[in-house]
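Student: I'd like to learn how the labels used for a structure follow from its values. Could we work through a few together?

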Amino acid sequence: MPPNTALDQDAVPGPPAEAVAPLMRGIAVLRQLTDAGGTLSPSALERATGLARSTVDRITATLARMGYVRPDGRDVVLAPRVMELGNAYLAALRLPALLDARADALADELDESVSLAVADLDGIRFIHQATRRRAMSVSFRIGDLLPAERTAPGALFAAEWDQADWARWSSRRSGDPANTSFPAVPPQPAPGAEDFEARVTQARRHGWAVDDQLIEPGLVAVSVPVRDPAAGRSACVASVVSHTSRHTAATLRTTLLPRLRTAVAAMEADLRQAPPPQPGPAPSGLAAWTTASKHELGREFIESLARGLTVLTAFGEGRTALPLTEVARATGLARATARRALITYEHLGLVAAGPDPRTFTLTPRVLDLGFPPLSRTTLPRLAEPHLRALADLLHEPTALAVLAPGSGTEIQYTAGAGASRVLTVDIAVGARLPAAGTSLGRVLLADAGGHLTPALTEVRAQGYALADEELESGLRSIAVPVRDRTGRVVAAVNVATHAARRSLENCVTDLLPALRTTADHIQTDLHTASRFTHVPPS
């Protein structure tokens, strides 16, 4: 690969002298957690990375302080906040924000899964998935990386490769003929070079490509490039994915391709007509936060790792290509500190030179840092660790609920955490109860629209609901709403207690503050996770 002129570094096999070693080790831990599906024990991380156990412990302690991982028993688990790294790339890219509505509409129209993918060296990486819920459905996630030769988008991107791109592809194939370095696809011998080159030639000639069970038996897809109106090259590729029980490669071309082309034409029009991006607020106070964390935690907090990771969050909507000075200003870091982090990221393939050689851009590889395992999360999964922490703090059971699907009068419990008491509340996940007789239901009904009773009007105004022995004698509970990125109430969280333990006044004074804090934590995770992915409420 040619050197990155933005950093004026020579291409060398090993890391540059100015690379930040703790940052490289932290990135290695995040990548191993990602490849493992989001969960590993410290011992497994030690084996996978080759790092000393003490180093792994310090890295995970630092990542936990940042909210990027959390302990779960003896394991280390990726936490939703780590998605802010991938969100920075996707926001800077703009394509998901501009095109995902078109992709979702096409999936609804065809009742088939639709994806958007970008080129990532000699592979393709998904930036949007509109998946149909079926017993047998596509399991690819946003951020998953696939080898170009085993996909339809890969043939379309390869139609624009130069000699250096083909050389890189050939080198990778010879070193990994079974695609073992692509954990998102089943390892198997890839199609021969001549077969791929023939498909690339066809894709260049026709302007579309077909995947006829290249990834695994039964999976078929048809793809069309979405061209960048300024550059004239493929900005991304839109694909319709199906199963041979519904379509063959031939019927994909005759039945789905025309409608896919219509959708792509609309996407390209959206790109042409999109107004210039308005820069969002840059992160603030990060350097001061890392310094304070170092003072508090001492040796267990690796400040150079935390500061290096904050560099990625300097990018975003309207901040696609940044000079070194702007990266330093956005993060509050010294120019030299920001420069060393960028040198490290260039070596790791996470940043590249921008259109102006003095600027930097994020690459799709940033999505390797925790995004795929969390892109298929649900609201109950996001809430569970917070519910457990609240139950442990208050020694009372907690629960999350939504309005039951198809019913405006019942709630459905979707997550919960118990308390170690002889007399406690035990309502199973999935159970339905009348909404009007529960604190959870009243919070949800108060935001459901339509005519509100005086009692629900009061709930909406005060932001919480109480239920006093209405569902069962002795049972009291208090609930608050959980809101999505638009401010809409999508769920409610509560604490239940026995009337002998707490009065109604005690519920408000003793339980409500911690309950609201927990709802805030759940909302923060939901807002981060749902910025570019769909998070089902149940």
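Tutor: Gladly! Contact here means heavy atoms within 4.5 Å. Keep in mind that this is a predicted model.

Student: With that cut-off, what is Leu400 in contact with, leaving aside its neighbours within four places in sequence?

Tutor: Leu400 is in contact with Leu379, Pro380, Ala383, Leu387, Gln412, Tyr413, Thr414, Ala415, Val482, Ala491, Ala492 and Val493. Leu400 is also listed, with Leu63, Leu309 and Tyr345, among the residues with the most contacts inside the largest nonpolar core, which has 116 residues. Another core, of 25 residues, lies apart from it and includes Ala117, Ala203, Ile215 and Val237.

Student: Why is helix H11 called roughly perpendicular to helix H13?

Tutor: Look at the angle: the axes of H11 (residues 303–312) and H13 (residues 335–348) cross at roughly 75 degrees, coming within 9 Å. Angles of 65 to 115 degrees count as roughly perpendicular, so H11 is roughly perpendicular to H13.

Student: Which residues make that contact?

Tutor: From H11 they are Arg307, Gly308, Leu309, Val311 and Leu312, and from H13 Thr337, Ala338, Ala341, Leu342 and Tyr345. By class, the contact has seven nonpolar, two polar and one charged residues.

Student: How do you know that strands E7 and E8 pair?

Tutor: Pairing requires at least two bridges. E7 (residues 209–212) and E8 (residues 219–227) have four bridges, in the antiparallel sense, so by the cut-off of at least two they pair. Asp212 stands opposite Val220 in E8. The two strands form a hairpin with six residues between them, and Gln213 in the turn has a positive phi of about 65 degrees.

Key
Residues numbered from 1 in each chain as written. Predicted model: local features only at pLDDT ≥ 70, side-chain atom pairs only at ≥ 80, totals over all residues. Heavy atoms only, no water. Core = buried A, V, L, I, M, F, W, Y, C linked by side-chain atoms within 4.5 Å. Buried < 20%, exposed > 50% of the residue type's maximum accessible area, 1.4 Å probe, protein only. Axes fitted to C-alpha atoms, helices over the stretch in contact; angles between N-to-C directions. Parallel < 35°, antiparallel > 145°, perpendicular 65-115°, else oblique. Nonpolar A, V, L, I, M, F, W, Y, C, P; charged D, E, K, R; others polar.
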